[in-house]
Amino acid sequence: EKVLAEPALLEHIFPWEICPFFGELYRLLHLEYDVLEQPENQAAYRRQIMENLLACHTLSSVKTEYRASVVLVAFNKLEYTKLAVESLYKYTDFSRGDIELILLDNGSTDGTAEYFDSLPAAKVIHLKYNVFGTQVSAYVAAGEYWVGFSNDAVATPHWLEQLIRCMDENP
């Protein structure tokens, strides 16, 4: 009722929460009913997935704004989230401007939203509910590579450079 009464809220929620939710729901239903319950369709489905993945690796003409988009999705656990973010800032070279940091608060209630808002040089997204946060980030990531980073992980020296080197050396 609140969303329908406030058009601005609906404009925010619809593209960032509702559309990705239904897109993912459609994908899961298709997988369940058209693939998993139809053994004759499974091989074709796998081939299509592989073709799509290979096509992603051959899109050399696509212009990207960043070399990599690092996406940290958090839902509560502020103490872990702070450790993860601090390690990213310590061991990721954001100074060249070719790496973007996306912080996605997936409906936290423990101060994560306020913490994210206090951080410099990051795209911050706040979702009201803990639904499909990772899928939402795909709509705002502008990097050649998308790197999911868990809020209970910590970066180590040269972590991102090593990942990118692996991708570049063996596409």
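This is a predicted model: local features need pLDDT of at least 70, side-chain atom pairs count only at pLDDT 80 or more; totals for chains, interfaces and linings use all residues.
Where is the place of T112? T112 sits in helix 5, which covers residues 112-117. Its relative accessible area is 0%, so T112 is buried. Now show what surrounds T112. Leaving aside residues up to four places away in sequence, T112 touches A74, N76, L78, T81 and D105.

Next stop: N76, one of the residues that T112 touches. Select N76 and look at the loop between strand 1 (66-74) and helix 4 (78-91). N76 is buried too, with a relative accessible area of 17%. That value counts as buried because the cut-off is under 20%. Now check the backbone. N76 is not a glycine, yet its phi is positive, about 55°. Most residues other than glycine have a negative phi.

Which other loop is worth a click? Go to H158, in the loop between strand 4 (143-150) and helix 7 (159-169). Phi of H158 is near 65°. That is again a positive value in a residue other than glycine.

Last stop: the aromatic rings. How many aromatic pairs does a search of the whole structure find? The search finds three. One of them joins Y115 and F116. Select both and display the ring planes.

Are Y115 and F116 buried or exposed? Y115 is buried, at a relative accessible area of 13%. F116 is buried as well, at 0% relative accessibility.

Terms used:
Residues are numbered from 1 along each chain as its sequence is written. Side-chain values use heavy atoms; hydrogens and water are left out. Rings of Phe, Tyr and Trp (its six-membered ring) pair if their centres lie within 6.5 Å; planes under 30 degrees apart count as stacked, over 60 as edge-to-face and the rest as tilted. Buried means under 20% relative accessible area, exposed over 50%, partly exposed in between (1.4 Å probe, protein chains only). Helices (H or I, at least four residues) and strands (E, at least two) are DSSP runs, numbered from the N terminus. Contact means heavy atoms within 4.5 Å.
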